[in-house]
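The entries follow the order in which I looked things up.

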Protein chains: 2
Amino acid sequence: MKLTELKAIKLAELFSALSDANRVRIISQLIEGEMSVRALADGLGMTESAVSHQLRGLRQMHLVRARKSGRQVFYSLDDDHVSRLFTLGLDHVQHG
Amino acid sequence: MKLTELKAIKLAELFSALSDANRVRIISQLIEGEMSVRALADGLGMTESAVSHQLRGLRQMHLVRARKSGRQVFYSLDDDHVSRLFTLGLDHVQHG
DNA sequence: GTAATATATGAATACTTGCTCATATATTCA
DNA sequence: TGAATATATGAGCAAGTATTCATATATTAC
């Protein structure tokens with residue numbers, strides 16, 4: 001398959017979004033539905049700062065979306081490609 | 001989705017395999033069929049050493065397979081999960 | 001045997017990344 | 001207003017990664 005350099009970079013960036021165990025766990029939580037930063041941090045045993053930094057990257061790649069409500073920010077998956085990639089990858093890991 | 005720590009790490013490792021533009025380009029070439037290290041290097045404008053190093057990682061993750069023939073080593077994709085991940089990701093990049 | 005070719009690999013280095021810590025911004029409540 | 005809570009962000013650092021260069025191994029041709 002012929003691939004332009006730009007597309008190769010974009011693809012690599014997309015997969016990079018899922019190339020860290022903590023990000024994978026964040027995504028896995030968000031597959032269930034939207035969650036606040038604190039809820040994610042508590043659920044994953046990460047600091048809020050670390051979660052926030054990671055969410056920033058995911059946001060910039062348009063993989064998650066933020067919804068502000070009062071002083072909380074609820075994050076959710078921005079499109080279903082992510083969860084499809086996620087489950088396909090999980091498939092590979094489980095019985096690949 | 002509840003995810004064990006081990007599965008999160010395995011998933012992240014899988015996606016890490018596709019988290020570099022040069023590896024993405026290597027995979028994109030191998031989707032066409034098997035190729036030697038030199039052919040890959042020539043086709044991608046990389047040194048043979050760099051390609052060999054990357055192939056080593058992909059091999060260790062069982063994403064590519066090596067077939068030795070004379071003094072050449074031909075690489076091919078080791079399973080179709082990879083190309084499915086690849087094309088799903090490309091889908092996202094193109095009209096996501 | 002030697003020379004040439006194809007690939008692999010270790011060390012060194014430049015670059016990237018994910019975290020912590022400190023601080024800033026925004027919102028709610030008293 | 002001021003204190004408390006939720007999130008965001010920048011700097012700095014430790015760990016990881018991809019490359020290059022030099023060298024090693026393996027195969028073929030002579």
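**Chain A against chain B**

I looked for salt bridges (a side-chain nitrogen of Lys or Arg within 4 Å of a carboxyl oxygen of Asp or Glu) and found 2 across the interface of chain A and chain B. One joins the side chains of Glu5(A) and Arg25(B), at 3.3 Å from N to O.

The model is predicted: local features need pLDDT of at least 70 and side-chain atom pairs pLDDT 80 or more, while totals for chains, interfaces and linings use all residues. Residues are numbered from 1 along each chain as written, chains are lettered from A and ligands numbered from 1 in the order written, and side-chain values use heavy atoms, without hydrogens and water.

I noted that the contact (heavy atoms within 4.5 Å) takes 37 residues from chain A and 36 residues from chain B. The buried area (accessible area, 1.4 Å probe, lost by two parts on being put together, summed over both) is about 3,400 Å², with 72% on carbon and sulfur atoms. Met1(A), Phe15(A) and His92(A) supply 22% of the area that chain A buries against chain B, more than any other three residues.

**DNA strand C**

I then listed the 24 residues around DNA strand C (a heavy atom within 4 Å); Asn22(A), Gln54(A), Ser49(B), His53(B) and Tyr75(B) come nearest.

I checked individual atoms next. A polar side-chain atom of His53(B) lies 2.8 Å from a base oxygen of DNA strand C. In Thr47(A), a side-chain N or O atom is 3.1 Å from a phosphate oxygen of DNA strand C.

How values were computed. Polar contact = N/O pair within 3.5 Å; in protein donor to acceptor, adjacent residues only side chain to side chain.
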